[in-house]
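Me: I have a model open and want a quick tour. Keep it brisk, please.

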Amino acid sequence: MAKAKFIEPDLDFIHEISSAEMQKCYQCSTCTVVCPISPEVNPFPRKEMIWAQWGLKDRLLADPDVWLCHNCNDCSVNCPRGANPGDLLATLRNYFYTKNAWPAFLGKAVNTPSMLPFIIAIPAVLILLLAAINGTLTPLFPLEDGHIRYGAMFPGMTLIDPLFVSATLFVIMSFSISISKLWSGMNNMTPRVPNKGMPLVQAIIATIQEILTHSRFDECGQAKTRSSAHKALVFSFIALAIVTGVVAGLEWLDILFDINLVSSGHHVTPLPFLSIIGGPLKLLANAGALLLIYGVYTAIMNRKNDPEGETFGKQTYQDWFLLYTILTIALTGLGSELLRLVNIAPIAYSVYFIHLIAVFMLIAYLPFSKFAHIVYRTTAIIHSKHVGRYEMTAEDVKGKEAIML
Amino acid sequence: MEKKIGCYICTGCEIGEAINAEAALEELSAPVKKTHEALCSPEGLAMLKQDMESEGVNALCIGACSMREKTEVFNTFDPKKVIVERVNLREHVAWCQKPGDEDTQMMVNDYMIMGLTKVEKSDFLEAYSPSEEQPIDKTIIVVGGGVTGLTAALEAAKAGYSVVIVEKEAELGGFLGKMNKQFPKRPPYAELQDTNIGDLIAEAEANSNIKIYKNAIFNKVENGPCIYEISLNVNGKEVNIRGGAFIMATGWKPYDPNNLGHLGYGNCSNVITNVMMEEMAAKGKLERPSDGQEPKSVLFIQCAGSRDPEHLPYCSAVCCRVSLKQAKYVREMIGDSKVYILYKDIRSPGLYEDFYKNMQQDEGLFLTKGEVASVTEDADGSVVVEAEDTLVGKNIKLKADMVVLATGMVPNSADGEAIRKLTDAKATLKKEDAAKPQIEAAEQDLITYKDHEGSQILNLNYRQGPDLPMLKYGMPDSHFICFPYETRRTGIYAAGPMRTPMDIQDSMDDAAGAAMKAIQCVELTSQGKAVHPRAGDESYPSFFLQRCTQCKRCTEECPFGTINEDAKGTPEIFPTRCRRCGICMGACPERIISFKNYSVDMIASEIKSLEIPDEDEEKPRVLVFMCENDAYPALDIVGKMRLQYSPFVRVIPLRCLGSTNIVWIADSLSSGFDGILLIGCKYGDDYQCHYVKGSELCNTRLGNVKETLDRLALESERIRFEQLEFSEYEKIPKIIEEFMETIDRVGPNPYKDF
């Protein structure tokens, strides 16, 4: 018999995550049975429910299953006691964003509604400050040849890029701390079964495939409409990331080597529509923006039409923060383009300014917002494939129960 | 009184179309013979009454529907003045046989002849009147003054009966008196409630119908219902009272925790029981025994010794809710405390589920299923509990300042039969002429039953033991599966946790039910009538003692301890203890026990009254003895469902198969019956016999007969015993069919033509 572990409930932790619904769980395990994506060995979310009731914080923060859940809500819909296991897992993920990412104060700020003005103010002040340093912050909005060019006020090389590159570096640093902690925790909870798990590289490739095809997400019962919205968002983000990357590359090519591949002028943006590279890029950007709007609109409406969270789970601040940030990005992005074309400078520059703030919030606050799931869930899926989580049998884990449970 | 018999056949309900009533009546020799198209109608009844008045008919043989039907018409005659015998021509003939067939008509003829024979052999009843011996006393004696006893006493007192409460302790209140609070009994099942035992005690003490003896035990209880003579020891002084019926409300005691060393009791200073916890809470302060500190964490181990074949094999029904309640004590009395409950299952039946749900909302309560692997003491006095297969994990360890063992309920009862074995063993050892095997058996009994020494509560002066018999777990068997409160001693009703584990509310409900049974008992008994299940029956057995051989079979086999023995072993009957089942009548090898309307000779005459067709007619005959309680009504259903079966069977209903006297088997075979089928209630652990062991006794007696048959080279297959419950009516045609095939195979009874 494996050695028994001491167990000590953490009352503070319980207090933070507890809900009246969660306390109703009486461990019938209907949730694990109906969950379409729960593995065979030590399935979720039954065990997470009692760990939460018992306040077993260390286990839950190292539990990969919290992230394997795609929040389809089949468990909550079928729960005979109304204990809403789906909401508990979402709460645990929110707890992770709020409490477990470095630095902790940002986690608290991003996830506290009253601190929203503060976290909007950070990018706003930073951008204005950088513009002031650049000397582009003028009371009259700059026009070039009578046209709006956003780069004139928010220059790429000296404003956008330093700001976003440093934000990205900060995010990478933050994640590297939390991911390494999570990875070793997950290894403790679910040790690798060598003959069942994939090598790491293969696991990563398989994970990317799974994410792009939404193959696991599509198994979720309640989440059919959520999956299509999510697909639209994933592909629009990919499209927009490609556009952003290519444009940045083109700009740096222009700046460093004075090679402008898209126009005869000095600037890459706005992209001229009638050019071999600019045309397809612009098409891709607009298609991405439209797809983004469709995706985020569908996601918002799904939740709006389910105010009690009966189908999609209880709504949280974290959900709305992410959805409205994305919506803002999509609307101000497309709005900036249209306003530039109709050439109403004061409004156009203002909208673009908001666009920059929203994009900053999405990127720089990534470890603290629900958006962080793209990193944590991806990591957990890679881990599950690497250790053979879905392939292992009771025989494989025999004798390790005391470690795993 | 001179008997004048009238035979009647009702031709209603399709009977007239199926058979020739006039032809059947022609076969009978009786002064009055009539048919009527609806005997149960006012006109039919008027005709019967007219015959009784003008012709002087006072014995009716009525061929109509089942004796279980139309009782409101045919059971209205006073059995002391009119004999009524019902012959079932509807359910048992017209509705299950081919109409107009020759065999169907033979069946009717036979049944009417049997009915007439029975009437000829029957006598008018003379109700037993206990008052001839002694004055009737309807006082209800309540044994135990806890919540069950007090409630029962108040219920009976409010119904106008005088009640005596006999309490062993110096104070009333029982276990409830020691308790702090009770778990919620009302919606929303959230807050604990006061026990209110004080109010109950005050109400009982103030009731003028209730007399209370405290510090009182029973010296001796003699005689039977309504004429009990009771000697009490009250504070060391003898007090003699009389009583009508008993309500046993002796309650429970906790399972002995000294047997629970494996759960830490006795080995760890801070392992206590739920009873100790309750007493501590009642004092208003929770402290752990080792150092008097407030326990910041308390762990409850459920089913401590319960549902465990080594200890109490049963569930005590309340411990889960008690632990939830005590968890609330801890959480309310000690700030920031943690309470763990390790359970097998949480059993909070009915709406008490809401109490469990409410307690689940407490963030400081931690529940998990699990098996305790070890309980050890830590250096600081706290207790480490290791558990396996929990919901939290495969193997876990928990540390708690104090552990509470949720021990179960053991009935406060005495096993009358075990005590009797002890007494008998002692008597055997005193005898000078006892044989060696007897002495060895007696010595063995002394060891086996030594724990029962002096355990009796009632001190009944009954041959079968001084207290109620037990079946399982030390609980007095509620001897009819479907009837709570009943025990195997007439007039003594069990209520509350001494009967089966239960909570306060159930005990109070139980008390009311038992009070009702006790009232029914004194009322019926005082009128000379039987109590349940033959409630209202005015017949009773009489013993022709001149021919008694003192074989003691009747005194041994009576399931109700009705019969005592004198020094020589001659039976002494106490009719108010009798249930009128006739088991003694079946047991008696001398056939000296008879009822006025039910006797060995009566059934034997019925058997002999039939003309059995010759072998070459190829009309076999099978006699079916059927228990009146399950098998007979099941055969009625067969008729109602219009299921068909062989016309060669002849059914005789019996009060209980236990009343089957073996002589009937011989009579049947010598009369030419080819086979005998006996259908009685299920026996064994989950017996359904209305008289506890009647069907089983019958089967045992048949075993002996079968051996004899084999010796005489007469196929023992001719006799078959079947167990049947009411709901299995559809099996009856199949049972009959199979038995007819067997009879076909073994061939006709060789005695047929003698």
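Me: Which residue is the bridge partner of B:Phe625 in S29(B)?
Reply: B:Leu678. The model is predicted, so local features need pLDDT of at least 70 and side-chain atom pairs count only at pLDDT 80 or more, while totals for chains, interfaces and linings use all residues. Residues are numbered from 1 along each chain as its sequence is written, with chains lettered from A and ligands numbered from 1 in written order.

Me: How do S27(B) and S29(B) pair?
Reply: In the parallel sense, over five bridges. S29(B) covers residues 675-680. Pairing here takes at least two DSSP bridges between two strands. Strands (E, at least two residues) and helices (H or I, at least four) are DSSP runs, numbered from the N terminus.

Me: What else does S27(B) pair with, and over how many bridges?
Reply: S28(B), residues 649-654, through six bridges, again parallel. There, B:Cys627 faces B:Leu654.

Me: Which helix makes a β-α-β unit with S27(B) and S28(B), and what is its hand?
Reply: H18(B), residues 631-640, and the unit is right-handed. That term applies if, with the strands pointing away from the viewer, the path from the first strand over the helix to the second runs clockwise.

Me: Is S27(B) buried or exposed?
Reply: Buried. Six of the six residues, 622-627, are buried, so the strand is largely enclosed by the rest of the structure. A residue is buried if 20 or more other C-beta atoms, placed from the backbone, lie within 10 Å of its own; 12 or fewer means exposed, and in between is partly exposed.

Me: Which residues cover each face of S27(B)?
Reply: B:Val622, B:Val624 and B:Met626 are on one side, with B:Leu623, B:Phe625 and B:Cys627 on the other. In a regular strand, side chains alternate between the two faces of the sheet.

Me: Zoom out. How many helices and strands are in chain B?
Reply: 21 helices and 30 strands. The chain has 754 residues, 53% of them buried. Its C-alpha trace spans about 95 × 65 × 60 Å along the principal axes.

Me: What share of the chain B contacts join residues at least 24 apart?
Reply: 71%, counting contacts between residues at least 6 apart in sequence. A contact means C-beta atoms, placed from the backbone, within 7 Å.

Me: Now sheets. What is the order of the five strands in the open sheet of chain B?
Reply: S7-S6-S5-S11-S22, with parallel pairing. S7(B) (210-213) and S22(B) (492-494) are at the edges with a single partner strand each, so one side of each has no neighbour in the sheet. Twist averages 20 degrees from one strand to the next. Angles run from 0 to 180 degrees between N-to-C directions, and axes are lines fitted to C-alpha atoms, for helices over the stretch in contact.

Me: How many bridges join S6(B) to S7(B)?
Reply: Four. S6(B) is residues 163-166, and B:Ile165 sits opposite B:Ile212 in S7(B).

Me: Which strands does H14(B) lie across?
Reply: S5 (140-143), S11 (245-248) and S22 of chain B. H14(B), residues 504-526, runs at about 165 degrees to S11(B).

Me: And what is the order in the open sheet of four strands?
Reply: S2-S1-S3-S4 of chain B, paired parallel. S2(B) (32-36) and S4(B) (83-88) are its edge strands. S1(B), residues 5-10, pairs with S2(B) over five bridges. B:Tyr8 is opposite B:Lys34 there. H3(B), residues 42-55, packs on this sheet and touches S1, S2 and S3 (59-64) of chain B.

Me: Switching to chain A. At what angle do H11(A) and H17(A) cross?
Reply: Roughly 30 degrees, with axes coming within 11 Å. Contact residues include A:Trp183 of H11(A) and A:His383 of H17(A).

Me: Last one. How many residues does each chain bring to the contact between A and B?
Reply: 22 from chain A and 18 from chain B. The chain A side has 14 nonpolar, five polar and three charged residues. Nonpolar means Ala, Val, Leu, Ile, Met, Phe, Trp, Tyr, Cys and Pro; charged means Asp, Glu, Lys and Arg; the others, Gly among them, are polar. S1(A) also pairs in the parallel sense with S19(B), residues 395-400, over two bridges. A:Lys5 has B:Ile396 as its bridge partner.

Technical notes. Contact = placed C-beta atoms within 7 Å.
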